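These are my notebook entries from an afternoon with one protein chain. I wrote down what I looked up, in the order in which I looked.

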Amino acid sequence: MAFNVWVTLSRHVSLFIKRNQINSQTTKAMSSVSNHNEVNVRELWRTADAVCFDVDSTVCKDEGLDELAEFCGAGAEVREWTNKAMGGDVTFREALTQRLNIVKPSQQQLEAFITSRPPQLTDGIKDLVSLLHSKNVPVFLVSGGFRNIIEPAAKILNIPLENVYANKLLFKDGLYDGFDPKEPTSDSGGKQKVAELLKQTYGFKCLIMIGDGATDMEAAPPADAFIGFGGNVVREKVKKNAKWFVTDFKELIKPLQEPQKNDLL
């Protein structure tokens, strides 16, 4: 019996130590990111070994769900909820649920929308993604939008579809039947979960998140840095709090084209 008590006690002690180690690592990561300034983020950008892009209003000029709502005749009401979500005024899950309950797109409407409205890519994104690929830096699309709408953009940018993390619309007999709540990007903090998953799965040491919204900014940490993007729409909360805020992808292309110190040795 004494042996069993000793084993149980040892397991509790081991679990306590592991939890403390995880908490310590998380605290250090948060401290490191919060201490970044623009110079730090620029240097991390130059040495990134993985890059995650938001899609709506970042990779693409528009908000996919807003455009789908407009297509289905419910644009104005849905845009209001989108602004609340991107500004961090409500939880993303609540905004997503409310927007979709307003639109309730049928499978036929979704397919017609995708066919009639090809992706409107933001100026410079093709050049930036191509440059990252030439440096063997993997690119991921991490979005609160929907795979069906995002995959055409991924194909244009030569981003593997397995590198797309987004939501999934559900249909029953061709009618809207909700969305998959198991997708991490269906809720606030989902992009954090994806960043953590990518780092654990691939061992990335310098993963950068780029986007226009509050949910993108939340991804760092565990992402090693966040770069705010305002080339299509400026979210004041993001502009105020991002250590590096850009309005043109050329601002991100230029540093990657400059020789690094190691290249001059």
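This is a predicted model: local features need pLDDT of at least 70, side-chain atom pairs count only at pLDDT 80 or more; totals for chains, interfaces and linings use all residues.

**Entry 1: terms and ground rules.** Residues are numbered from 1 along each chain as its sequence is written, and side-chain values use heavy atoms, with hydrogens and water left out.

**Entry 2: the whole chain.** I looked up the secondary structure and found 13 helices and 8 strands in the protein chain; helices (H or I, at least four residues) and strands (E, at least two) are DSSP runs, numbered from the N terminus. Of the 265 residues, 44% count as buried. I then looked up the contacts (heavy atoms within 4.5 Å), and among those with a separation of 6 or more, 65% come from residues 24 or more positions apart.

Entry 3: In what order do the strands of the open sheet stand? I read the order of its 6 strands as 3-2-1-6-7-8, with parallel pairing, where two strands pair if DSSP finds at least two bridges between them. Strand 3 (164-167) and strand 8 (244-246) stand at the edges with a single partner strand each, so one side of each has no neighbour in the sheet. Neighbouring strands are turned by 20° against each other on average, direction ignored; such angles run from 0 to 180 degrees between N-to-C directions, and the axes are lines fitted to C-alpha atoms, for helices over the stretch in contact. I also looked at one pair in detail: strand 6 (residues 207-211) and strand 7 (residues 225-229) run parallel and are joined by 4 bridges, and Ile208 stands opposite Ala225 in strand 7.

**Entry 4: helix 8.** Helix 8 (residues 147-156) lies across strand 2 (139-146) and strand 3, at about 150° to strand 2. Its buried residues include Ile149, Ile150, Ala153 and Ala154. Seen down the helix axis, the buried residues of helix 8 fall within an arc of 135°, so they line one face of the helix; the arc is that of the directions from the helix axis to the C-beta atoms. What covers the buried residues of helix 8 includes helix 3 (64-71), helix 6 (107-116), strand 2 and strand 3.

Next I looked up the nonpolar cores, each a set of buried Ala, Val, Leu, Ile, Met, Phe, Trp, Tyr and Cys residues joined through side-chain atoms within 4.5 Å. The largest has 36 residues, of which Trp45 and Phe53 touch the most other members, and helix 7 gives the most to this core, with 5 residues. A second, separate core of 19 residues includes Ala50, Cys52, Ala220 and Ala223.

**Entry 5: two prolines.** Which form does the peptide bond from Ala220 to Pro221 take? I found a cis bond there, with omega near -5°, and a cis bond also joins Pro221 and Pro222, with omega about 15°. Pro221 is found in the loop between helix 10 (214-217) and strand 7, and counts as buried at 18% relative accessibility.

**Entry 6: positive phi.** Asn136 lies in the loop between helix 7 and strand 2 and has a positive phi of about 60° although it is not a glycine. Is Asn136 buried or exposed? Asn136 is exposed, with a relative accessible area of 69%. Asp173, in the loop between strand 4 (169-172) and strand 5 (175-179), has a positive phi near 55°, and Asp173 counts as exposed at 76% relative accessibility.

Terms used: Buried means under 20% relative accessible area, exposed over 50%, partly exposed in between (1.4 Å probe, protein chains only).
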